[in-house]
Amino acid sequence: MEALITRENAGIPAIGIEQMSKTYIGKKRVRVEALQNVSLTVGRGEVFGFLGPNGAGKSTTIKCLVGLMRPTKGDATIMGEGISSLASRRNIGYLPENPSFYDYLSAEEYIRFVGSVFQMPAEQLVSKCEEVLKLLELWDARKRPIRSYSKGMVQRVGLAQVLIHDPDVYILDEPMSGLDPLGRALVKDIIGDLKKRGKTVFFSTHIIDDVEKVCDRVGIISGGVLKSVERVDRILEQGVTGYTITAQNGKGEIRTFTVERDDLSGNLATLTADGFTVSLIEPVRKNLERFFLDIVQESRKSE
Ligand SMILES: Nc1ncnc2c1ncn2[C@@H]1O[C@H](COP(=O)(O)OP(=O)(O)OP(=O)(O)O)[C@@H](O)[C@H]1O
Ligand SMILES: [Mg+2]
C-alpha cells in the first residue's frame, strides 16, 4: 500500500482522536477511568512518542485505535477512516504490548500467514517476507518454531509482522521492550526509515531516550489524561537553563564555571576584561526526562 496523498485526502490527519474516554468496569463493578477526554492529532509522516508511567492509559488508547476495544465515549480516525471500520485496520501495522503468536509456526510461516491475511500477492509476499526477516535478523532462525525463540526474538517477530504489508500507519505498543541495545538501535533505524518513506509512526514507551532520538513530537499521558503535547526539538531548546563556560588566559590558566541562562553576556564581558579567551560554551539543559518527570509528578500531586 502506498502513502498516496491526493488533493482529496491532503488535509486528513494520519490519526485523529476526538474526546476519547474509556471506562473499565472491573471486579465488584469497580470503575476505572482509564482514559478521559483525550484529543490528539498526528500528522502524516510524523513520528509521535506516547510517554507515560505504568497504568497511564497508553495501551488502552492504542487498543481503541486499532479496533480491539471500543471507547466508552468519543471517536478516532486512521487516515480519515473511523476506527470501527475495516478500512482503518487495513492501513495499520500494530505491535501489541506482549506479542504472542501461534508458536508452533516458524517465523517464516507466521509472517507469510499475516501477509496472506492482508491479501498480498504470492510473489510479493515471498520477497517481502525475506526482506523483513533479514532486516530483523531472524533469517537464520526462520524455520524454527517460534516457541524456541528468546523473548527478544519474539519481539522481533512482532515487528516483522508489522512491516510485512507495508501499511501507512504504524501503531506500536512499546516496540523497544525486551530488546538488547543492538535491537533497540535497529528499531530506531527502522522508525527513521519509515519516516523517510512518509509513513506515520505512533509508539508508546517509558524510555525517554528513545523519544528524544526518533520522535518529532511527544505526548505525555498520566492518570488517563493527556497532560502535554510538544515538539521534541522545542522541549530541548526551551530546556536550556544555563551555560558552562571554559576560558583560558595567556598564562595557561583555565577557568570553567556554570552560569544562569540570563547571566551569560555579563560573564563573557568580565572574562574578556580579565584577559581570558573563551574556548567553549556548552548549554546546560533541562532534558526530556526532567520535562516528563515534572509533568507526571505535578499531575500526581493534583490527583
Ligand atoms: N481490562 C481491564 N479491566 C480493568 N482495568 C483495566 C483493564 N485494562 C487496563 N485497565 C486499567 O486501566 C488503566 C490504564 O491501563 P493501560 O494498560 O492502558 O496503561 P499503560 O499506560 O499501558 O501502562 P503500562 O506502561 O504498564 O503498560 C490502569 O489503571 C489499568 O489497571
Ligand atoms: Mg501498556
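1. Two residues are taken to be in contact if their C-beta atoms, placed from the backbone, lie within 7 Å. Helix 9, residues 264-273, lies across strand 11, strand 12 and strand 13. Relative to strand 13, helix 9 runs at about 160°. The model discussed in these points is a predicted one.

2. The sheet under discussion is open and has three strands in the order 12-11-13, with antiparallel pairing. Strand 12 (254-260) and strand 13 (276-285) are its edges. Each of these two has a single partner strand, so one side of each is left without a neighbour in the sheet. From one strand to the next, the twist averages 20°.

3. The pairing of strand 11 with strand 13 can be given in more detail. Strand 11 covers residues 240-249, and nine bridges join it to strand 13. The two run antiparallel. Val240 has Arg285 of strand 13 opposite it.

4. On the overall division, the domain assignment gives two domains: domain 1 spans 15-231 and domain 2 spans 240-285. The C-alpha centres of domain 1 and domain 2 are 46 Å apart.

5. Which residues come nearest to ligand 1? They are Tyr24, Ala34, Lys58, Ser59 and Thr60, out of 13 residues around the ligand. Two elements give two or more residues to this shell, namely strand 2 (31-42) and helix 1 (58-65). Helix 1 gives the most, with three residues. By class, the shell around ligand 1 consists of seven polar, four nonpolar and two charged residues.

6. Two backbone angles deserve a look when the model is checked. Most residues other than glycine have a negative phi. Asn37, which is not a glycine, has a positive phi of about 50°. Asn37 lies in strand 2.

7. Where does Glu174 lie? Its place is in the loop between strand 7 (169-173) and helix 6 (181-196). Glu174 counts as buried because it has 22 C-beta neighbours inside 10 Å.

Definitions and conventions
Residues numbered from 1 in each chain as written. Chains lettered and ligands numbered in written order. Predicted model: local features only at pLDDT ≥ 70, side-chain atom pairs only at ≥ 80, totals over all residues. Domains from an automatic or database assignment. Near = placed C-beta within 6 Å. Helix = DSSP H or I, 4+ residues; strand = E, 2+ residues; numbered from the N terminus. Nonpolar A, V, L, I, M, F, W, Y, C, P; charged D, E, K, R; others polar. Pairing = 2+ DSSP bridges. Axes fitted to C-alpha atoms, helices over the stretch in contact; angles between N-to-C directions. Buried ≥ 20, exposed ≤ 12 C-beta atoms within 10 Å, placed from the backbone.
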